[in-house]
Amino acid sequence: MAWALKLPLTDEVIESGLVQDFDASLSGIGQELGAGAYSMSDVLALPIFKQEESNLPPDADDKILPFQYVLCAATSPAVKLHDETLTYLNQGQSYEIIMLDNRKIGKLPEISGKMVKSIIRVVFHDRRLQYTEHQQLEGWRWNRPGDRILDLDIPMSVGIVDPRANPTQLNTVEYLWEPSKRTSVFIQVHCISTEFTMRKHGGEKGVPFRIQIDTFKENEGGEYTEHLHSASCQVKVFKPKGADRKQKTDREKMEKRAPQEKEKYQPSYETTILTECSPWPEVTYVNNSPSPAFNSTPNSFPVAEGNGSPNHQPEPVVHVADNLLPAATPQDAQQWLLRNRFSPFCRLFTNFSGADLLKLTREDVIQICGPADGIRLFNALKGRVVSPRLTMYVCQESQQAGEQQPKHENGDAASNTFFIYHAIYLEELTAVELTEKIAQLFNISPRQINQIFKQGPTGIHVLVSDEMIQNFQDEVCFVLDTMKDDSNDGYHVILK
């Protein structure tokens, strides 16, 4: 015993008995632990641990779990107790991540009713690969030109605003969302775990990845740089349907194990809870300054504001005239790539000037960018434009009458008489499209045009339909006349 007390004989006997009982209790505990009959949840439920939990700082709970992220994919049953969960994903398949607001009432009031920014990235789980992440991703980029490691499935996602994908960060996407509203984001992972194994002779185990989400709030300068919460989970990515087969194999292996062995493994859960972690150290990802790379990427989806009138739509001529010139500097060439939706290849052509890009042959571009994007880039470099399905030339009757020149004595018009016509290009060959084009020409809303008629034989007015437009000859000429509709403030347009 630890105390050196002189006790009477009767006390010594009592003390000896207590020591024996205490040793027996310890022996019993050891036997139970050895048999594997204890449960960690029971241990954590002891009063000593509850008291320890209550002694945490009052704001620790708010700091750790203001949000919760749930990946809608089942965890593997072949993971031992107290190990981190492992989730199998299929390459290119869309998986939902539910963004939940975990704040208590009155906590973090500064983000109530406001947007926060979340950045999702796919990173390596192994520390060895983390040190060489840049080299690993560059090697993957060269093997898969034009592809991304991580993408957002925008049509499936709910509640996200201003989704962006940095063309220089293939494994990163970001978006804004409001915690008080329902938010679900769907992601697609396009790389597989075996692409980063050291030896590739077949049958190698793929390296695990981590899906990490970092969330930031807006600072006084309007930039989302103040960190709120980070969480991640461990995943492995297989070729299509490979994750389902792996999950089935693990489940069958666990069913064959003895009951005592099964107790050493976690059950398979239908969803994966991302656990709290440190924020990702790449501060460059958090930059919120306007970037043409973000605003011009195919994964950027700005929402147009206003009444949607054709007056506010850009003319196709703007894109046609945006040809790359041989004198363009490398910086100008980068801006041209961004404007024409070739942002994934900006890094590949970092040091290319306009002349360098224009010297590339069709085969060169296809080899670098792949068949689909390669052909598109080659056509853009050569300034090739797709011809419209139908071209119409129209002139307003008021312009024609106002510019009519006096006749000569023989009754013929002056030789220098000319009328100003405007070209209308149609792609869909529908009456709705023609209405929008004419409204844009008259600088009015399409709703103000009630009907479009074509003047037929003996001056009759024939209603213009989709079928009639489809039978127009290319480069047909019309004089436009308008009639006020007595029933409302609209107009009727007559093609003469």
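Two strands pair if DSSP finds at least two bridges between them. Helices (H or I, at least four residues) and strands (E, at least two) are DSSP runs, numbered from the N terminus. Strands of a sheet pair through backbone hydrogen bonds, either parallel or antiparallel. Here, S15 and S18 pair in the parallel sense, over five bridges.

This is a predicted model, in which local features need pLDDT of at least 70, side-chain atom pairs count only at pLDDT 80 or more, and totals for chains, interfaces and linings use all residues. Residues are numbered from 1 along each chain as its sequence is written, and side-chain values use heavy atoms, with hydrogens and water left out.

Stay with S15. S15 and S16 run antiparallel and are joined by three bridges. These two strands form a hairpin, with five residues between them. In the turn, Thr458 has a positive phi of about 60°.

Now widen the view. An open sheet of six strands has the order S14-S13-S17-S18-S15-S16, and its pairing is mixed. Which strands stand at the edges? They are S14 (422-426) and S16 (461-463). Each has a single partner strand, so one side of each is left without a neighbour in the sheet. Neighbouring strands of this sheet are turned by 40° against each other on average, direction ignored.

Helix H16 lies across S13 (390-396), S14, S15, S17 (476-484) and S18 (491-495). H16 runs at about 150° to S14. Such angles run from 0 to 180 degrees between N-to-C directions, and axes are lines fitted to C-alpha atoms, for helices over the stretch in contact. Contact means heavy atoms within 4.5 Å.

Follow the chain on from H16 (431-442). The loop between H16 and S15 (449-455) holds Ser445. Ser445 counts as partly exposed because its relative accessibility is 27%. The cut-offs are these: buried is under 20% relative accessible area, exposed is over 50%, and partly exposed lies in between (1.4 Å probe, protein chains only). Ser445 and Gly490 are 45 residues apart in sequence, but 9.8 Å apart in space, C-alpha to C-alpha.

Next comes a pair of helices. The axes of H13 (residues 362-369) and H14 (residues 371-381) come within 7 Å and cross at roughly 140°. H13 and H14 are therefore oblique to each other. Angles under 35 degrees count as roughly parallel, over 145 as roughly antiparallel, 65 to 115 as roughly perpendicular, and the rest as oblique.

Turn to another set of strands. S1 (residues 67-71) and S3 (residues 95-101) pair in the antiparallel sense over five bridges. Val70 stands opposite Ile98 in S3. S3 is also joined to S8 (residues 183-189) by five bridges, and these two run antiparallel. There, Tyr95 has Ile187 in S8 as its bridge partner.

Last, look inside. A nonpolar core is a set of buried Ala, Val, Leu, Ile, Met, Phe, Trp, Tyr and Cys residues joined through side-chain atoms within 4.5 Å. The largest one has 41 residues. Among the members that touch the most others are Leu71, Ile97, Val185 and Phe209. Strand S10 (residues 224-238) gives the most to this core, with five residues. A second, separate core has 22 residues, including Val394, Ile444, Val493 and Leu495.
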